[in-house]
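Colleague: Could you walk me through this one? I would like to start with how the strands pair.

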Amino acid sequence: RYNRNHSIIYNEAVWNGASFIASWGDTNGVDFDDIYPKTSMGYDGFSNKIQPRFINISYNYVHELGIFEKQSSFYFQAKSCQNYIGYNIFYNGPRAAINLN
């Protein structure tokens with residue numbers, strides 16, 4: 001979850017039931033004093049210790065993806081940044097190859 005400087009390269013995935021790669025981190029809560037009852041929610045992207053960063057995703061070959069999960073993608077990213085995605089081949093998936101949230 002707090003992975004840094006990791007490489008996912010030269011892989012083949014076929015007939016996978018869900019997403020091939022998911023890069024998903026956490027965020028700190030933001031306090032809202034003016035809301036009753038007082039709540040802590042929201043996204044604090046300034047805390048860089050809790051998000052995956054600098055992940056290299058290259059030269060992967062993925063097809064026939066999302067057999068059981070129709071919301072799957074080749075690569076899903078949420079609350080993660082500064083990652084490199086290049087030189088991959090993906091086809092026959094249920095939705096977008098790269099899903100940045």
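**Strand pairing**

Modeller: Strand S2 (residues 12–16) and S7 run parallel, joined by 4 bridges. Strands here are DSSP runs (E, at least two residues), numbered from the N terminus, and two strands pair if DSSP finds at least two bridges between them. This is a predicted model, in which local features need pLDDT of at least 70, side-chain atom pairs count only at pLDDT 80 or more, and totals for chains, interfaces and linings use all residues. Residues are numbered from 1 along each chain as its sequence is written, and side-chain values use heavy atoms, with hydrogens and water left out.

Colleague: Which residue in S7 stands opposite Asn16?

Modeller: Leu65 does.

Colleague: What else pairs with S7?

Modeller: Strand S10 (residues 89–91), in the parallel sense over 3 bridges. There, Tyr61 has Ile89 as its bridge partner.

Colleague: Now the open sheet. What is its strand order?

Modeller: S1-S6-S9, 3 strands with parallel pairing. Strand S1 (7–9) and strand S9 (84–86) are the edges, each pairing on one side only. Direction ignored, neighbouring strands of this sheet are turned by 5 degrees against each other on average. The axes behind that angle are lines fitted to C-alpha atoms, and angles run from 0 to 180 degrees between N-to-C directions.

Colleague: How many bridges between S1 and S6?

Modeller: 3, in the parallel sense, with S6 covering residues 56–58. Ser7 stands opposite Asn56 in S6.

Colleague: Different topic. Which residues make up the largest nonpolar core?

Modeller: There are 10: Ile8, Ala13, Ile21, Ile55, Ile57, Val62, Leu65, Phe74, Tyr75 and Phe90. Such a core is a set of buried Ala, Val, Leu, Ile, Met, Phe, Trp, Tyr and Cys residues joined through side-chain atoms within 4.5 Å.

Colleague: And what does Ile8 touch?

Modeller: Leaving out residues up to four places away in sequence, Ile8 touches Ile21, Ile55, Asn56, Ile57, Ser58 and Asn60. Contact means heavy atoms within 4.5 Å.

Colleague: How many helices and strands in the chain?

Modeller: 0 helices and 11 strands. Of the 101 residues, 33% count as buried.

Colleague: What about contacts at least 24 apart in sequence?

Modeller: Among contacts between residues at least 6 apart in sequence, 71% join residues at least 24 apart.

Methods
Buried < 20%, exposed > 50% of the residue type's maximum accessible area, 1.4 Å probe, protein only.
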